[in-house]
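Hello,

Here is the structure I said I would pass on. My notes follow below it.

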Amino acid sequence: MKALGAAPHNGILDWLFNWFYNLFLNWNMSEASAAAWASGMNQLIAFLIIVIFIVVTVLFVVLFERRVLGFFQIRHGPNRVGPQGLFQTVADALKLLQKEDIMPLAAEPITYNIAPFAVFVPSILAFVVIPMGAAYVGGSYNVLIVRDLNIGILYLLAVSSVALIGFLMAGWGSNNKYALISAFRNAAQIISYEVPMILAILGVVLVAGSTSMVDIVHSQSVVWNIVPQFVGFLIYLICGLAETNRCPFDLPEAESELVAGFHTEYSGMKFALFFLAEYTNVFVISAIITTLFLGGWKGPMFLGAGGLWLTSIFWFLAKTYIMVTIFVWLRATLPRFRVDHLMGFAWKFLVPVAVVNILVIGLGVAFSHPLYMGSPGNINERLTADARVVALTQLSSSSIYNIMFDSEKVEGPVRIIEGNGTVDFGWINTAYGAMSDDMKTFFWAYNVFAFLFLILILFTVWKVIRGVKRAPKLEVMWSAVSGGEADAKA
Amino acid sequence: MSPADLIAIYFYFFAALAILGALGVVVLRNIFHSVLSMIVCLFAVAGFFVLLNAEFLAAVQVIIYVGAIMVLIIFAILLSTRIMRRDIVQTNAYVLPGIIVSLAFLVTTFFVIISTRFVEDYHVPFYPAWLAEASEKLDNTMIVGWSLMATYSLPFEIASILLLMALIGGVVLAHRKEDD
C-alpha cells in the first residue's frame, strides 16, 4: 500500500518506511495509524542520522583544518589527545559545554539568546537536500538523500538567507559596536556575493533542466560540470568562501579590527553553536560544490552493484574533503581583503563574468553542444527534451534511473510500458560525425569562443591574485579625456 | 490521523504564527523586534505556499522577502541610530481613524471571502495537451516555468524591462558627479 500523503519515490527512507509500516501492521495497528507511526519513526531516524553525522563531521572538519594548517605552516598541529590528535576537538567541545554562559548586562535578552540558534539551525537544514550516495535497496535504485525536493537548490539558497538574519540578531542583540559592525559587514558581503552565486548556479540548472539536486547529479553522469562550466565553478567557489566568511573573505571576523566579530560577547555553548555553524557551513558548501560541479557521488564504482552504497559515499566524501582542503589551503595562503575591494570585486568583476558565463552556457544548451547535453546517457546521445519531461511525469523516478543506467544500451526509440502509461524515449545523435556542416561550424566557433573566454577569466583571476602592475587608473584616463571637453566649454 | 487532519493542523499552526507575527509588527514597542516578528509572519506565509503545493513560491518568498527585503529594512533601521535601541510609541493622534479604517477593511474582506464560490477542480487550459494531462504529476517549478515562458511571456518580458529600468534608474541616482 502506498503511504498516505507520501513524498515522491526517492531515497532509502521509503524502504525504511515500508519496513516500519509492515512491522506496525504485524502489531495489529490499523493501516492509517501504522502509516502515521512509520512516517514518524522515519523522520526520527533521519533526524538522528543527520544530527550524528553533522556532529561527527564538524568535529572532524575542525581537526582536519588544524592539522592541514599545521602542514602548510610547517608545524605539527594538535597531535596529543588520542591517536594523531583525533580526540582534540572532542576534548574542546566538552570543555565548551562546561563553560559558564555569560550574558552582558546591556544585551537584549530575547534577540541575544535566539541568535545562535537562528544561525545554527539553517546550516543543519541544508543537509536535507544533499544527495550523499546511491544504493540498491530491495533490488531498486535509491538515492541516499533525506528528501529529494524538486526545488532543491532554491531551498538551499532560501535556507542560507535565513542565517543572515541570525547574524544581524547577534550583532544587534549583544549591544557591542564590534559585533554590530561585524554583522553589517556580514550582511553586505552575503547580499553582494549571493548575486553572482545564483548566476553561477543558474548555469548548472540550465544544463540539468531541473532544480532538484538528484537530477543535477544525474545530469553529470557523462561529464562533470566542472569541465564545461569551469568559470561557473570558480565563481561559485569564490562566492562560497564569501558566504561562509572564510579567509580571504573573513572581514566580519577580522581579529585585528573587530575582536571576534558578531560572536564577541558569546561564551560557552552559544559560542560553540556559532563555531559549529561555521564549520557545518564549510562542509555544506563543499558538498554543494561537489553536487553541482564535481558530479556528486558519481565515480568509478569498483565494488559493483552490491557495494554501490559504499563506493558512492566514498566518492562523495572524497570530493567533499578535497574541497574542504582547498578551503583550508586558501586560508593558509591568501591575506584578507579590504572592504571596498571586496564589494568592488563582487559587483564589478564577478557579476559581469557570471552573466557572460550564463550566455555561453545558454548558447551551448540551445544548440545541443555535446558537452551540455545534461541528460543521462552516452556522450554521443541525448534524450529529446520532450521525452525527458514525459518520462518525468509518466514514470516513477526510480524506474527512469533504472532504465537509463542499468539496462543494456538500447538502439533507437525505446518504448516503456508501466502502470501509468507508455513512454517513447527519443534519442538525438550528437556525435561529431552526425552533425551537419552548419552545426560543425557552430561547434568549432563555440569551442574557440568558450576557450578564449576561459583564458580571459583565468588571466584576470591570475592578475588579481598576483597583483600584477595595473593599467593606469580609470579616473586619470577619464580626467585626461574630459579635461579637453572642459576646456572647450570654457 | 488522516493527511487532511495533518494539513489542517499545519494550516492552523501557520495561521496562528502569521497572525501573531503580524500583530507583533504593530504592537511591539521596539522597532527591531517588529522587524523580527514580520520575518516570522513572512515565514508563515511561505508555510501556506508549501501546504498549497507551491514549493517554488515558498522558496522565492523566503529568498526575496526574508533574504533581501527584510535585510534591507534591518539595514535602514540599524543605520538610523536614533531609533535603534529605544522603545518608541507606535501610536499617534490617528489611532481612532486607523482602527476604523482597518476594521472597515476587515469587514469588507470578510464579506468578499464568504461570498466567493471556490471552484474545486480549476483546470487551467494553458499548457500543451500532453503537459496538461501530466500536470498532476508535474512539479510546480516546471509549471511555473512553462507559464512564464509560454503563456505569459509578454507580461514576463514587460516586468523584466520594468526591473531593468529600475536598475538603471538606481545606478543613475546613485552616481555621484565629481563637478557638482
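Asn245(A) is buried, because its relative accessible area is 4%, and the cut-off for buried is under 20%. This is a predicted model, so please read every value below as computed from predicted coordinates. Asn245(A) sits in the loop between H8 and H9 of chain A. Its phi is near 60°, a positive value in a residue that is not glycine. Most residues other than glycine have a negative phi.

Ile74(A) also has a positive phi, near 50°, and is likewise not a glycine. Is Ile74(A) buried or exposed? Ile74(A) counts as exposed, because its relative accessibility is 79% and the exposed class starts over 50%. The loop that holds Ile74(A) runs between helix H2 (31–72) and helix H3 (88–98) of chain A.

Chain A overall

Chain A has 490 residues, and 50% of them count as buried. Its secondary structure is 16 helices and six strands. Take the contacts in chain A with a separation of 6 or more: 74% of them are between residues 24 or more positions apart. The accessible surface of chain A is about 23200 Å². Carbon and sulfur atoms account for 68% of that surface.

Glu257(A) is in helix H9 of chain A, residues 255–258. Glu257(A) counts as partly exposed because its relative accessibility is 40%. Beyond its neighbours within four places in sequence, Glu257(A) contacts Tyr178(A) and Arg185(A). Glu257(A) and Gly364(A) are 107 residues apart in sequence. Their C-alpha atoms are 46 Å apart in space.

Cavities

How many cavities of 30 Å³ or more does a search of the whole structure find? There are four. The largest cavity holds about 280 Å³ of space. Its lining has 21 residues. Nearest the centre are Leu156(A), Ser160(A), Glu243(A), Asn281(A) and Ile285(A).

Several helices of chain A each give at least two residues to that lining. They are H4 (109–125), H5 (152–173), H6 (177–208), H8 (230–243) and H10 (268–293). H5(A) supplies the largest share, seven residues. By class, the lining has 16 nonpolar, four polar and one charged residues.

Chain B

Chain B has seven helices and zero strands. Of the 180 residues in chain B, 24% are buried. Among its contacts between residues at least 6 apart in sequence, 54% join residues at least 24 apart. Its accessible surface is about 13000 Å². Carbon and sulfur atoms make up 73% of that area.

One residue of chain B to look at is His33(B), in helix H2 (residues 31–51). His33(B) counts as buried because its relative accessibility is 17%. Which residues does His33(B) touch, leaving out those up to four places away in sequence? From chain A, they are Glu108(A), Thr111(A) and Trp172(A). From chain B, there is Leu28(B). The side chains of His33(B) and Glu108(A) are also joined by a polar contact of 2.9 Å.

Best wishes

Methods. Residues are numbered from 1 along each chain as its sequence is written. Chains are lettered from A and ligands numbered from 1 in the order in which they are written. This is a predicted model: local features need pLDDT of at least 70, side-chain atom pairs count only at pLDDT 80 or more; totals for chains, interfaces and linings use all residues. Side-chain values use heavy atoms; hydrogens and water are left out. Helices (H or I, at least four residues) and strands (E, at least two) are DSSP runs, numbered from the N terminus. Buried means under 20% relative accessible area, exposed over 50%, partly exposed in between (1.4 Å probe, protein chains only). A polar contact is a pair of N or O atoms within 3.5 Å; within protein, one must be able to donate a hydrogen and the other to accept it, and residues adjacent in sequence count only if both atoms are side-chain atoms. Contact means heavy atoms within 4.5 Å. Accessible areas come from the Shrake-Rupley method with a 1.4 Å probe; for residues, only the protein chains shown count as cover. On a 1 Å grid over the protein atoms alone, a cavity is a set of points where a 1.4 Å probe fits but cannot get out, and a pocket is an open set with protein on both sides within 12 Å along at least five of seven lines; lining residues have an atom within 4 Å of a point. Grid points are joined across faces, edges and corners, and a volume is the space filled by probe spheres set on the points. Ala, Val, Leu, Ile, Met, Phe, Trp, Tyr, Cys and Pro count as nonpolar, Asp, Glu, Lys and Arg as charged, and the others, Gly among them, as polar.
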